[in-house]
Amino acid sequence: MSWLIQPLGPALVLGMGSIVLILLHAYLRRGWAPVIALSTLVIALLVQTTLQTSHAAIAVGRPWVSVLFDMNGGLVWRSTAWRWGGNLIILVLALVGTLLAWDEGDYLTPYYRAIDLALIAASTLVLFADNLLTLASMWILMESIALARLGLEPRHQPETGRAGLSAASALLVAVACPLSGSALLTTPFPAAVLTPLVQGILVLAIMLRAAIYPLHGWLTHSRLTSPTHRISIYLIPATASLWLLGILNRTAHITWLGHHHWVTFLSLAILGSALAAWADPICSRSLDFVCANRAGLVVLMMILWPGQGALPLAGWLLAFSLGLGLLLAAREGYHAWGGRWPGVLAVLTLLGYPLTAGFLGQPWLNRLAPSATGPLPWLALTAGDVLVLATLLRDWHEPHPILPRLSGQEIRLLTAAILLAVPILLVGLRPSLAFHLSEATINEGGIWMLLVGVPLIAWARLLLIAAFAAWLWRGPRIGFAGWRGARPGFAHIVRLDWGYAIIQELLRAAGASWRTLSDILEGEGYLGWVILTFVLIWLLIHA
């Protein structure tokens, strides 16, 4: 069983569980598919604990001789503390998604759970990839499975022309391979000297996979309505891709990202996604923009602290993965057993309030202070946080009576909420855990040192966010009489649907022109041959 104690161990377990579900789907009684999926995830989680390491990296590879280049290469996966923590969160999110989908009784349910396990395995392989060749190969695999999962649901009809845009991230990662050169394909990431062009392409691919505004079109047009779909198709692959930023932020020559133009652009993009979330009247689509907003904050931390490793990203990355997962579980659990504490904790985590995992990101916003970058980025980010909090408060429902007795469904939903609440509070109360996972070498201190170290402007900013968000929450009922009529038009503008429609029409026109040209030059018509004859005559005359 030594093959399990390696970076490929959890992925191999998940792959075997997926194969078992596919082979036995005709013989499984109703209710057995989630049991097998949950058992597989628990085994993978146990295997994950054997990979725990804070000092030495565990690597496994499959060497091969390239047929394209005169070199030796290989697919290599490496387990470090940072990657170990990211994979642990992915498995916890997968457990939560399985618990939320427990009562699905469709005849295709075994296939759903099988593809979910395969997608989790592919995300794990992406996270542990240790060179560009391995990353590109596993990324293409992950996107292929994600598209298969997106198209499997018979009642689910996404706008495939735009929903498939996420697959463009696989194309970008593949393009980065020839641009980097053959020597860097199998060079481990810590030692790889990637060019700024390759680094930019990888960051762009990650932003597209995480649906960061304005690259959010595939997510909003995928129409992911159930929490299980959001976790399996979006949240888990997005967590794996954003986790790679912590590795990419250690590579050489990454400091070009720290230019103030990039800071301003991404701050305005975060504000744009917050405006879209606040203006959109449809709750599910509004949640898509909340996801895009919080993912954009992770990339902003990398731009503010280029070359500083994973530590500046850790707080907001934990808030993105754990906070959004808890928010999805809280919305399902509230209607089932009436508890409101999961929703409160999720909102506090997403906004980075004290004693939550998101609070670890507050000190790193120092570099966004008006004295450092000018007032525009700071104001844009603060206004965006106000609108995000107002959006989450707007979706707050009326008090729901707590059920005196919990049934099996309510217990599963409560368990899902606890699975995410525990790491949120544990990291919030013991920040040293995040420091160890980030492989930081600084003296981290405890929660008291973190609270004292946060500057006064950060505390003032948190108070302003809470105050203005509460006012906006009640504002439309008090004095915004014309907002109800103007809201749909404003939401259409900030959603950028018009921009995606223009791009789609341009691509359709370009495709039609290319097909027409191909028919003329290579089809049954003789015009292409006539043109070729004249070209040959001209060459013979002027030879």
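Mentor: The axes of helix α3 (residues 81–100) and helix α11 (residues 227–248) come within 10 Å and cross at roughly 175 degrees. This is a predicted model, in which local features need pLDDT of at least 70 and side-chain atom pairs count only at pLDDT 80 or more, while totals for chains, interfaces and linings use all residues. Residues are numbered from 1 along each chain as its sequence is written, and side-chain values use heavy atoms, with hydrogens and water left out.

Two packed helices are described by the angle between their axes and the distance between the axes. An axis here is a line fitted to C-alpha atoms, for helices over the stretch in contact, and angles run from 0 to 180 degrees between N-to-C directions. Helices are DSSP runs of H or I with at least four residues, strands are runs of E with at least two, and both are numbered from the N terminus. α3 and α11 are therefore roughly antiparallel to each other; angles over 145 degrees count as such, under 35 as roughly parallel, 65 to 115 as roughly perpendicular and the rest as oblique.

Next, the residues. On the α3 side, those that meet α11 include Trp 82, Arg 83, Ile 89, Leu 93, Val 96, Gly 97 and Leu 100. Among their partners in α11 are Pro 227, Ile 231, Leu 235, Thr 239 and Trp 243. Contact means heavy atoms within 4.5 Å. By class, the contact of α3 with α11 has 14 nonpolar, six polar and one charged residues. Ala, Val, Leu, Ile, Met, Phe, Trp, Tyr, Cys and Pro count as nonpolar, Asp, Glu, Lys and Arg as charged, and the others, Gly among them, as polar.

Take one residue of this contact. Ile 231 lies in helix α11 and, at 1% relative accessibility, counts as buried. Buried means under 20% relative accessible area, exposed over 50%, and partly exposed in between, with a 1.4 Å probe and protein chains only. Leaving aside residues up to four places away in sequence, Ile 231 touches Leu 93, Val 96, Gly 97, Leu 100, Ile 236, Pro 237 and Leu 328. Ile 231 and Gly 325 are 94 residues apart in sequence, yet 7.1 Å apart in space, C-alpha to C-alpha.

Finally, the setting. The protein has 24 helices and two strands, and 54% of its 543 residues count as buried. Of the contacts with a separation of 6 or more, 81% are between residues 24 or more positions apart.
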